Amino acid sequence: MKYAELGNTGIQVSRICVGGMSFGRASEDFHLWTLDQEHTTAMIGHALELGVNFIDTANTYSHGTSEEYIGCALKELGVKREHVVLASKVYFNEGKLSKEAITREIDGTLKRLDTDYLDLYQIHRFDYDTPAEETMEALDALIRAGKVRAIGASAMYGYQFHNMQVTAEKNGWTLFSTMQNHYNLLYREDERELIPICEQYHVARIPYSPLAGGHLAHTGWTTGSKRSQTDRTLRKKYDQAMDQDLLIIERVDQLAQKYGVSMTQIALAWQYKKGVTAPIVGATSVPHFDDAVKAVDFTITDEDVSYLEELYMRHKVVGALPEE
């Protein structure tokens, strides 16, 4: 496994991050394809054996049971707290990013994860109802209190991220060190503004959906997997551009055959060529995760990158809007 620093935090993370949305109690009103406690523990244990030390989740994944399952897994596995980098998020909760909500939600997250602190606390979306000053001051207070080591942001518009960074700078508060944005070969809208702003602030990028919900891991559009058949969020994010994106998927497959590797490795190798620190992989099986980890040691050429990107067309914005 290879490791990299999260921005300027000094925190070293594996170049692959375990996505916590795959864990938790399955439900009709969230996801039906998530892993139970036994399989969550097995998946995390296997990831740790591979050298992966970075786990990302959120307070609302599987209604909080994702955090509970992860905390329980680490306890069952006897993992020393300093040997794992834990990240979670706040926003899809009462009060969104108000001071009261942030103060309340961090305590709930720490309790569910059974830990005294988070390595990385991220705002899940931009809050149109709360002043940036209130949010950034509240996050800074968590760091001063020792509950959080670093802060990050997730999907939003570039100007919003920039304005929040400027707010922190002006007031001497902690700046965001990471950006967890929606980014993959089928969705590259953040290349216009958000990613250049991340580079300006030396922010580490840890994108979610690096495999476009599995679309970049296989030919065709759907499979017989439970997620492919039941994930309404996945369909909402990608079905609108299916015909065009299938052409890009074909090119991923062609390069995979050329190099004798999987499509997953091609898609993730592209992420590394684009400067990503650690893509978040939400695997639900050990073989799929093993496959993703192999990408850390695989490299594609600049010509390959151009070939993969050539057919991309502008997409409808997905992820930056508050309801998504």
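This is a predicted model: local features need pLDDT of at least 70, side-chain atom pairs count only at pLDDT 80 or more; totals for chains, interfaces and linings use all residues.
Residues are numbered from 1 along each chain as its sequence is written, and side-chain values use heavy atoms, with hydrogens and water left out.

Trainee: Is serine 98 buried or exposed?

Mentor: Serine 98 lies in the loop between strand E5 (85–90) and helix H3 (99–113), where helices (H or I, at least four residues) and strands (E, at least two) are DSSP runs numbered from the N terminus. Buried means under 20% relative accessible area, exposed over 50% and partly exposed in between, with a 1.4 Å probe and protein chains only. Because the relative accessible area of serine 98 is 14%, the residue counts as buried.

Trainee: Which residues is serine 98 in contact with, leaving aside its neighbours within four places in sequence?

Mentor: Contact means heavy atoms within 4.5 Å. With those sequence neighbours left aside, the contacts of serine 98 are Asp127, Thr130 and Glu134.

Trainee: At what angle do helix H2 and H3 pack?

Mentor: Glu67, Glu68, Ile70 and Gly71 in H2 meet Thr109, Arg112 and Leu113 in H3. Axes are lines fitted to C-alpha atoms, for helices over the stretch in contact, and angles run from 0 to 180 degrees between N-to-C directions. Helix H2 (residues 65–77) and H3 have axes 7 Å apart, and their packing angle is about 40°.
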